[in-house]
Amino acid sequence: MPVPPYLQEITPDNFEAAIGLRVRPDQEHLVAPVVKSLAEAHVHPGVAWPRLICADGEAVGFLMAFFRIDWTGDGTDFRSGLWRLNIADGQQDRGYGRFAVESVAAEIRRRGGTRLTTTWHPGEDGPSGFYANLGFRPTGETSGDQTVGVLELG
């Protein structure tokens, strides 16, 4: 019987599996490679929450959440959410992306939060449909060239 997906902390034992994850070639422009995310996590300790997504004993994806970042830089708008989501080539359309978002939502709730923020590249080749199907709504903001969306965790 298949094992449901689960999250693992990144350790020396699974580091190579994590950095070896690759999205589909046509999606590489949409998300940073895992190795960049892990470098960012290293320089943002306590904010970044990198996790390997595993199923049936293998790495199928990677997520990195963020907690209580000063979104506007003026100390008035602190947000938590999904920073990165990489589902491996050949592992998409199996529910791992949904599992990742639900896992981040659960962690935000556990920490007392009520909203999950994320960003995505707009356009037909981007993941806007994926996020819309999960209940995210665009806020009207952008972060760089990305759309900002929010999911109320009520």
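Q: Is S80 buried or exposed, and why?
A: S80 counts as buried because its relative accessibility is 13%. Buried means under 20% relative accessible area, exposed over 50%, and partly exposed in between, with a 1.4 Å probe and protein chains only.

Q: Where do these values come from?
A: This is a predicted model, in which local features need pLDDT of at least 70, side-chain atom pairs count only at pLDDT 80 or more, and totals for chains, interfaces and linings use all residues. Residues are numbered from 1 along each chain as its sequence is written, and side-chain values use heavy atoms, with hydrogens and water left out.

Q: Which strand is S80 in?
A: S80 is in strand β4. Strands (E, at least two residues) and helices (H or I, at least four) are DSSP runs, numbered from the N terminus.

Q: What does S80 contact, leaving aside neighbours within four places in sequence?
A: S80 is in contact (heavy atoms within 4.5 Å) with F66, F67, R68, I108, R115, L116 and T117. A polar atom of the S80 side chain lies 3.0 Å from the backbone nitrogen of R68.

Q: Which way do β3 and β4 pair?
A: β3 and β4 (residues 78-87) are antiparallel, with eight bridges. Two strands pair if DSSP finds at least two bridges between them. I87 in β4 is the bridge partner of G61.

Q: And how many bridges join β2 to β3?
A: Eight bridges join β2 (residues 48-55) to β3 (residues 58-70). L52 stands opposite F62 in β3.

Q: New topic: which residues of α3 are buried?
A: They are Y96, G97, F99, A100, V101, S103, V104, A105, E107 and I108.

Conventions. Polar contact = N/O pair within 3.5 Å; in protein donor to acceptor, adjacent residues only side chain to side chain.
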